[in-house]
Amino acid sequence: MIQLRPATSRSLHAFARRQLIPHRTALPYRLYATVETHPAAPSPSSQTPPTFPTTSNGTTTDSTPPPPPPPPTRSLRPLIYATAFLLLGLTTGHLTLLTLLPPPHLILPSTLDELAALHTALDHLPITQDLRAHPQIWHEHPAYFSLPRTTLPHRLTTGPLSGPTGLAIQQIFHHATEPRAINIIYCGRGLCGWPGITHGGVSATVMDESLGRVAIREFKAKTGVTANLELDYRRPVVAGRFYVVRAEAVREGRGERKMWVKGTLEDLEGRVCVEGKGLFVVPKGVELGEVEEGF
């Protein structure tokens, strides 16, 4: 008869280790060796919806980037400064121009009185009385007397350089039979270059017109222009005095279209201040109007 001993806990554990552990350890090897794992495709219901940025109060905001900031506003300060300096410069220049170059002398009552006084002084000059004593030989007229009165203000010696402070007197005496002329002038104090001295350019202008006046009268075309002008300044021409310009045509080298004229600018004592000569021609291919008598 076989007796069965009651199983102890140790024997039970040994039995279980022999029976169960091989199965528990083999199962994972067979599973991992035969089964491939693939990530499961997410179902439409399991997809995470896109998220949008929200504000602190829960409202959804747009995901587009904010617009660029506006360009900075330019300051008007440089423009204001530039305008102020421009106005300051124009004002200063205008005042300086008025100081150095006064506006043309207006024909006011006081001006007429000054001109009348100068003409009275002209009448009492010895040279004037001597020339007027022979009217058959010396024909007298003011400079550019025959030109229209409206054109005189637009000429240099009868416009900007005229008046009591300019060439207040230009009295012409033409010889009746010879190519020469005498011009009695008054140089006002507004013609100065150096203080108290008439500008050399004014003297040159007077010489140019006085010499050219003789040449044009001799040309058959009754017109002409200056081709050459040579001047020697001998003495200063003091402003505020009368002077005498003598011009005479040079006979050598004269022609129908060219002529040399010599002349002097003298004070009332006969001392030469400016001496010179000029070549005057009638240009070809240029239409010049005839100059009438009395210029």
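These legends go with a few views of a predicted model.

**View 1. The whole chain, from one end to the other.** Let's start with the overall layout: five helices and seven strands make up the chain's elements. The chain has 295 residues, and 27% of them count as buried. Its accessible surface comes to about 21,100 Å², with carbon and sulfur atoms supplying 61% of that. Now think about who touches whom: among contacts with a separation of 6 or more, 67% are between residues 24 or more positions apart.

View 2. Helix α5 covers residues 200-218, and I216 is part of it. Is I216 buried or exposed? I216 counts as buried because its relative accessibility is 13%, and the cut-off for buried is under 20%. Beyond its neighbours within four places in sequence, I216 is in contact with K222, T223, G224, V291 and F295.

View 3. Pick out L88, which belongs to helix α2 (residues 77-100). L88 has 51% relative accessibility, so this residue counts as exposed; the cut-off for that label is over 50%. Compare that with I216 from the previous view, which counts as buried at 13%.

Terms used. Residues numbered from 1 in each chain as written. Predicted model: local features only at pLDDT ≥ 70, side-chain atom pairs only at ≥ 80, totals over all residues. Heavy atoms only, no water. Helix = DSSP H or I, 4+ residues; strand = E, 2+ residues; numbered from the N terminus. Buried < 20%, exposed > 50% of the residue type's maximum accessible area, 1.4 Å probe, protein only. Contact = heavy atoms within 4.5 Å. Areas by Shrake-Rupley, 256 points an atom, 1.4 Å probe, with all protein chains shown as cover.
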